[in-house]
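Please consult the sequence and the coordinates alongside the text.

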Amino acid sequence: GISSMGFAQKDEMKAAEKALKDGDAAAAKAALVSAASTIDSAKEKDQAEYYTLLGNANYELAKKGDVSAFQSAVDAYNKVIAVEEASGKAKYSSVAQGKKQ
């Protein structure tokens with residue numbers, strides 16, 4: 001059911017967060033891609049966290065020379081802002097705004 005999807009997303013987001021801390025943006029992005037199909041049915045705060053992590057992973061890849069990742073990072077950060085504006089809770093928007101500039 002829905003709760004098991006939530007747990008899978010959490011595991012993937014934790015894996016992505018750990019990979020980012022370890023400097024492995026590609027592994028972080030791979031973990032997030034596996035959660036992509038179910039993220040739109042997740043709670044807003046989980047969506048915001050997911051898109052923040054996705055933006056951060058793409059941002060790191062872009063800094064390492066993957067030019068195509070830059071637009072993906074901007075798109076993910078824009079999604080964070082849109083999700084949080086819709087929900088009225090701005091936990092990750094400041095991160096997204098800061099990285100976009």
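In which helix does Glu84 lie? Glu84 belongs to helix H4 of a model that is predicted. The points below begin with this residue and then turn to the helices.

**Glu84**
- Glu84 is buried, its relative accessible area being 5%, which falls under the 20% cut-off for burial.
- Leaving aside residues up to four places away in sequence, Glu84 touches Ala48, Lys89, Ala90, Lys91, Tyr92 and Ser93.
- Between the C-alpha atoms of Glu84 and Glu60, which are 24 residues apart along the chain, the separation is 23 Å.

**Packing of H3 and H4**
- Helix H3 spans residues 44–63 and helix H4 residues 67–87; they pack at an angle of about 160°, and their axes are 8 Å apart.
- Because angles over 145 degrees count as roughly antiparallel, H3 and H4 are described as roughly antiparallel to each other.
- The two helices, H3 and H4, have a left-handed crossing.
- On the H3 side, the residues making the contact include Glu44, Ala48, Tyr51, Leu54, Tyr59 and Ala62; on the H4 side, they include Phe70, Ala73, Tyr77, Val80, Val83 and Glu84.
- By residue class, the contact of H3 with H4 comprises 13 nonpolar, seven polar and three charged residues.

**Buried face of H2**
- Helix H2 covers residues 25–33, and Ala25, Ala28, Ala31 and Leu32 are buried in it.
- Viewed down the axis of H2, these buried residues fall within an arc of 120°, so they line one face of the helix.
- In an α-helix there are 3.6 residues a turn, so residues three or four places apart point the same way.

Note on methods. Residues numbered from 1 in each chain as written. Predicted model: local features only at pLDDT ≥ 70, side-chain atom pairs only at ≥ 80, totals over all residues. Heavy atoms only, no water. Axes fitted to C-alpha atoms, helices over the stretch in contact; angles between N-to-C directions. Helix = DSSP H or I, 4+ residues; strand = E, 2+ residues; numbered from the N terminus. Parallel < 35°, antiparallel > 145°, perpendicular 65-115°, else oblique. Left-handed = near helix turned anticlockwise from the far one by under 90°. Contact = heavy atoms within 4.5 Å. Nonpolar A, V, L, I, M, F, W, Y, C, P; charged D, E, K, R; others polar. Buried < 20%, exposed > 50% of the residue type's maximum accessible area, 1.4 Å probe, protein only. Arc of directions from axis to C-beta.
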